[in-house]
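The following note comments on the salt bridges and pockets of the model shown below.

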Amino acid sequence: MPNKVAIIYGSVRSNRNGIRFAKFLKKKCDERNFNTTLIDPLEFDLPLLDKMYKEYKEEDAPENLKKLSSILNDADGYVIVSAEYNHSIPPALSNLMDYFQKEYFFKPAAIAPYSAGIFGGVRAGVQLRAFLGELGMPTISSQLPVGQVQKVFDEDGNLLDEKYEKFTKKFLDEFEWYLNALKNARSNGTPF
């Protein structure tokens, strides 16, 4: 059975360049025969968090939260594609992810930060490691930072800078190892 991967993208700005990176990673995951879903916060239009999904009665939960919960719950792991805003993560990303928790437990996350500048969002990547751990996701040790994201991918998510081909392969090789290892471990139960 193929691994199910949710790629969670975190920006709702106009003229977004990071969506190109998310599309590229979806293509690369699809090439590995993962069952891949790209979650774009613009498509779900979530208000600022008032209640977590688990705090709703099933019949009262908004449809967009039910759909997100289903995608996240079915996933074997997550690729987090995050810009860096003020040396931190985008509010749209934390807002979307904070609606949920048990859906993430004991599933690996891979961090793919980016920026328009040369540093590739690495400061957001550092903060994401703590944030994702608190949500119950172990993160793989590698990250895939992309600086000057607007020059690396075209609008359709095609790669313009071939050096990222090698980096992406290593990143996804490690992620796939964690997907398989933790899927196997979960099949034998989890601590809670």
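1. In this predicted model, Lys 169 and Asp 173 form a salt bridge, with 2.7 Å between the closest N and O atoms. The two residues are 4 residues apart in helix α7, which means that about one helical turn separates them. Lys 169 is partly exposed at 49% relative accessibility, and Asp 173 is likewise partly exposed at 34%. Salt bridges with shared partners join Lys 169 and Asp 173 to Arg 32 and Glu 176 in one network.

2. Within that network, Glu 176 and Arg 32 meet through their side chains in a salt bridge of 2.7 Å, N to O. This pair links distant parts of the chain, 144 residues apart: Glu 176 belongs to helix α7 (residues 163–187), and Arg 32 to the loop between α1 and β2 (35–39). Glu 176 is partly exposed, with a relative accessible area of 24%; Arg 32, at 22%, is also partly exposed.

3. A further salt bridge connects Lys 26 with Asp 30, the closest N and O atoms being 2.9 Å apart. Both residues lie in helix α1 (residues 18–31), 4 residues apart, and so are separated by about one helical turn. In the whole structure, 13 salt bridges are found.

4. The largest pocket has a volume of about 200 Å³. Its lining comprises 15 residues, with Arg 13, Asn 17, Ala 83, Tyr 85 and Tyr 114 nearest the centre. By class, the lining holds 6 nonpolar, 6 polar and 3 charged residues.

5. The second largest pocket contains about 160 Å³ of space. Its lining has 8 nonpolar, 1 polar and 1 charged residues. Helix α4 provides the largest share, 4 residues.

Technical notes. Residues numbered from 1 in each chain as written. Predicted model: local features only at pLDDT ≥ 70, side-chain atom pairs only at ≥ 80, totals over all residues. Heavy atoms only, no water. 1 Å grid on protein atoms, 1.4 Å probe; cavity = no way out; pocket = protein on both sides within 12 Å on 5 of 7 lines; lining within 4 Å. Points joined across faces, edges and corners; volume = space filled by probe spheres on them. Nonpolar A, V, L, I, M, F, W, Y, C, P; charged D, E, K, R; others polar. Salt bridge = Lys/Arg side-chain N within 4 Å of Asp/Glu carboxyl O. Buried < 20%, exposed > 50% of the residue type's maximum accessible area, 1.4 Å probe, protein only.
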